[in-house]
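User: I am new to this structure and would like to learn how to read its features step by step. Could we start with the aromatic rings and then move on from there?

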Amino acid sequence: MLIMEKAVESTVLQATKVLEEQVDAEIERLDCLEDDDVEQIKKRRLQQMKQQAKQREEWRSRGHGVYTEIPGEKEFFEECKKSEKVVCHFYRDSTWRCKIVDKHLSLLAPKHLETRFLKLSVERAPFLCQRLKIQMLPTIGIVVEGKTKDFIKGFDDLGGKDDFATEMMEWRLGCAGVLDYAGNLLEPPDDSKAASAKAQSSSHAKKTIRGKTADSDSDEDDNY
């Protein structure tokens, strides 16, 4: 036990030393910067901030930041043309778990302006549901650059329970690449290793939103 403690202590000391050296090197680098270099860094940063602000305003003008119900299939295609990243919840009023999805997506929409969050009643989109083989509710369709990249069907990918956290939904959407996830995609926020494995191995991409198939889609056979 004593040997192990000494080994751990030695490792910590080595790591601390490396960190101190890195900090010292960064301080030295900053000290060596000329006034012109510092001014250029400030200008670049200011330009980046202006571009980011402009991008946020552009997203808002397209309806980003709000979880929006659309009336039908035509509007779905229009929204997918306007926005690079789209999350669409296919729902039915009588399916109570759809209300759970509504709650989480309503919270995520204002947080992730880079993504358009939509909901569409399956009763108003029979053609689209057939094309996308939507057979279970709730189903969340994930569209990136005009192609259906992934689907979240039911709650299996979200821990297999109704009371999952919004962070779990955020993580799962991050795994699909439809929003900018700040955490570790290899570790779901809940204890859900099964969900992690399933999400990481998901391969539903390859199909355009108009139904041109390059690979087979899910063989899910539960009818909605």
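Analyst: In this predicted model, Phe76, Phe77 and Phe90 form one aromatic cluster.

User: How many aromatic pairs are there by this rule, and what describes a pair of aromatic rings?

Analyst: A pair of aromatic rings is described by how far apart the centres are and by the angle of the planes. Here the count comes to 3 aromatic pairs. One of them joins Phe76 and Phe77, with 5.7 Å centre to centre and 75° between the planes, and this pair is edge-to-face. For Phe76 and Phe90 the ring centres are 6.0 Å apart and the planes stand at 50°, so this pair is tilted.

User: Which parts of the chain does the pair of Phe76 and Phe90 tie together?

Analyst: Phe76 belongs to helix H3, residues 73–82, whereas Phe90 belongs to strand E2, residues 85–91, so the pair ties together parts that are 14 residues apart in sequence.

User: Are Phe76 and Phe77 buried or exposed?

Analyst: Residues count as buried when their relative accessible area is under 20%. Phe76, with a relative accessible area of 1%, is therefore buried, and Phe77 counts as buried at 9%. Phe90 is buried as well, like Phe76.

User: Which residues of H3 are buried, and where do they lie around the axis?

Analyst: The buried residues in H3 are Glu73, Phe76, Phe77, Glu79 and Cys80. They cover an arc of only 160° around the axis, which means that they are on the same side of H3. Lys74 and Lys81, on the other side of H3, are exposed. The cover over the buried residues of H3 includes E2, strand E3 (116–121), helix H5 (126–131) and strand E4 (139–144).

User: Which residue lies over the face of Tyr91, and which over the face of Phe151?

Analyst: Lys119 lies over the face of Tyr91, at 4.4 Å from the ring centre, and Lys153 lies over the face of Phe151, at 5.6 Å from the ring centre.

User: Could we finish with a residue elsewhere, Thr166 in helix H6: what does Thr166 touch?

Analyst: Thr166 is found in helix H6, which comprises residues 166–175, and Thr166 is buried, with a relative accessible area of 16%. Leaving aside residues up to four places away in sequence, Thr166 touches His104, Leu107 and Leu108. With His104, the side chain of Thr166 makes a polar contact of 2.7 Å. Leu108 is 58 residues from Thr166 along the chain, and the C-alpha atoms of these two residues are separated by 7.7 Å.

Key
Residues are numbered from 1 along each chain as its sequence is written. This is a predicted model: local features need pLDDT of at least 70, side-chain atom pairs count only at pLDDT 80 or more; totals for chains, interfaces and linings use all residues. Side-chain values use heavy atoms; hydrogens and water are left out. Rings of Phe, Tyr and Trp (its six-membered ring) pair if their centres lie within 6.5 Å; planes under 30 degrees apart count as stacked, over 60 as edge-to-face and the rest as tilted. Buried means under 20% relative accessible area, exposed over 50%, partly exposed in between (1.4 Å probe, protein chains only). Helices (H or I, at least four residues) and strands (E, at least two) are DSSP runs, numbered from the N terminus. A charge sits over a ring if NZ of Lys or CZ of Arg is within 6 Å of the ring centre and within 35 degrees of the ring normal. The arc is that of the directions from the helix axis to the C-beta atoms. Contact means heavy atoms within 4.5 Å. A polar contact is a pair of N or O atoms within 3.5 Å; within protein, one must be able to donate a hydrogen and the other to accept it, and residues adjacent in sequence count only if both atoms are side-chain atoms.
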